[in-house]
Amino acid sequence: MKLKQLFALGLLATSTSIGLVAPNAAKAQELKKVALIETVHHIFFSPLYIADGLGYFKDQGIRVEYTASQGGDKAMAALLSGEMDIALVGPEAAIYVQGSQSPTKVKMFCGLTTSDGTFLVSRDDKPFDWKDLMGKTILTFRRGTTPALFLDEALRQHGLDPAKDVNLVGNIGIPARIGAFLSGQGDYATFFELDASKLEKEKKGVVVASIGKAVGPIDYTAFMATDAYLAKNPEVARGWTKAIGRALEWMAVSTPAEAAKLLAPFFPGVSLDLIESAVDRQRMSGLWKRTPEIRPEAVEALQKLQVTGGVLKESQKVSYDSVVTRQFFDAGAK
């Protein structure tokens, strides 16, 4: 990601308010509106919507107003400009901002996902071994993006050189990737949910591996805000972290069917069984954190992965304390 692109302001693609409706106007006035910008509206972020659906944000006096930016650069531009209060993006965004010339800095204050959310999909259901990928073509995401970096790392951890042993195709736009796979392109492909479950339900593909599970815990998405916002609104950050912490605990012990019912209003038009399948697969892969805490080793591991992938120089690495504030983690701890 080029730094100048990070700050390029543009029109936000979509904006939807999905928060719970207060029972009366007086009650609604008691809730503080918090403008959240997501990179996309995604089932991967399920604990966020669970926190809203179960009223955990409301309990903290917060009403969430959702906006989807369709890109991390647009999300960060909106956050830095003050147009949005909180952003849900990858930790790498905070790292890029910290190393930039921007006078406005941001900090992660609450974690959500613990690793990459993509799944490797095969065309058949034969027993899978990572060595099966030798010489094969894999449809992946654009080179240098975080999903592509995680796939590279998963390949390396299983003895494969991503530059020599496989043919990685990352130049197909995200909306066209399923169509490309269905048309016969690639031997394998990586997809997020709900796409992975949809392919399986339609018997057009078989999920054979979780990239996040293969790589291990490296925080993948987190809530962040500017230093100025956090200083002015510590009660929002603390209440937000507490709500997310409760949702993470709930997700860990509830059934996928229970979660699907709560998530359905946030994903209109998607069948309950598809949502249930996606929730089950993501939870079984350990993709959601147990607490909102973001640990130093996770930030260091991400930067190491970025350096290995050629998107960050060793000299550009930043300290943990410069991009993470720990003061709210206790609110979301068990």
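Helix H5 is followed by Gly82, whose phi is positive, near 90 degrees. Helices here are DSSP runs of H or I with at least four residues, strands are runs of E with at least two, and both are numbered from the N terminus. H5 spans residues 72–81, and its buried residues are Ala75, Met76, Ala77, Ala78, Leu79 and Leu80. Buried means a relative accessible area under 20%, exposed means over 50%, and partly exposed lies in between, for a 1.4 Å probe and protein chains only.

The model is predicted, so local features need pLDDT of at least 70 and side-chain atom pairs count only at pLDDT 80 or more, whereas totals for chains, interfaces and linings use all residues. Residues are numbered from 1 along each chain as its sequence is written, and side-chain values use heavy atoms, with hydrogens and water left out.

The buried residues are Ser46, Pro47, Leu48, Tyr49, Ile50, Ala51 and Asp52. Gly55, with a positive phi near 80 degrees, follows H3.

Two packed helices are described by the angle between their axes and the distance between the axes. H3 (residues 46–53) packs with H12 (residues 234–253) at an angle of about 105 degrees, and their axes are 8 Å apart. Axes are lines fitted to C-alpha atoms, for helices over the stretch in contact, and angles run from 0 to 180 degrees between N-to-C directions. H3 and H12 are therefore roughly perpendicular to each other; that term covers 65 to 115 degrees, while angles under 35 count as roughly parallel, over 145 as roughly antiparallel and the rest as oblique.

On the H3 side, Ser46, Pro47, Leu48, Ile50 and Ala51 meet Trp240, Ala243, Ile244, Ala247, Leu248, Trp250 and Met251 of H12. Contact means heavy atoms within 4.5 Å. By class, the contact of H3 with H12 has 11 nonpolar, 1 polar and no charged residues. Ala, Val, Leu, Ile, Met, Phe, Trp, Tyr, Cys and Pro count as nonpolar, Asp, Glu, Lys and Arg as charged, and the others, Gly among them, as polar.

**The nonpolar core**

The largest nonpolar core has 107 residues, and those with the most contacts inside it are Leu48, Ile86, Phe109, Phe223, Trp240 and Ile244. H12 supplies the largest share of this core, 9 residues. A nonpolar core is a set of buried Ala, Val, Leu, Ile, Met, Phe, Trp, Tyr and Cys residues joined through side-chain atoms within 4.5 Å. Leaving aside residues up to four places away in sequence, Ile86 touches residues including Val34, Leu79, Phe109, Phe223 and Trp240.

**Helices H7 and H15**

H7 (residues 146–157) packs with H15 at an angle of about 90 degrees, with their axes 10 Å apart. That makes H7 roughly perpendicular to H15. Leu149, Phe150, Glu153 and Arg156 in H7 meet Leu302, Leu305, Gln306 and Thr308 in H15. The residues of this contact divide into 4 nonpolar, 2 polar and 2 charged.

Lys289 lies in the loop between H14 (272–284) and H15 (296–308). At 10% relative accessibility, Lys289 counts as buried. Its side chain reaches the backbone oxygen of Glu293 at 2.8 Å, and a polar contact of 3.0 Å joins the side chains of Lys289 and Asp219. A polar contact is a pair of N or O atoms within 3.5 Å; within protein, one must be able to donate a hydrogen and the other to accept it, and residues adjacent in sequence count only if both atoms are side-chain atoms.

Thr113 lies in strand S5 (residues 106–113) and is buried, with a relative accessible area of 0%. The side chains of Thr113 and Thr221 make a polar contact of 2.4 Å. Beyond four places in sequence, the contacts of Thr113 include Phe44, Asp219, Thr221 and Lys289.

**Backbone features in loops**

Gln70 is found in the loop between S3 and H5, and Lys203 in the loop between H9 and strand S10 (206–210). Neither residue is a glycine.

| Residue | Phi | Relative accessible area |
|---|---|---|
| Gln70 | positive, about 60 degrees | 43%, partly exposed |
| Lys203 | positive, about 60 degrees | 77%, exposed |

The peptide bond from Glu193 to Leu194 is cis, with omega near 15 degrees. Leu194 is placed in the loop between strand S9 (188–191) and helix H9 (195–201).
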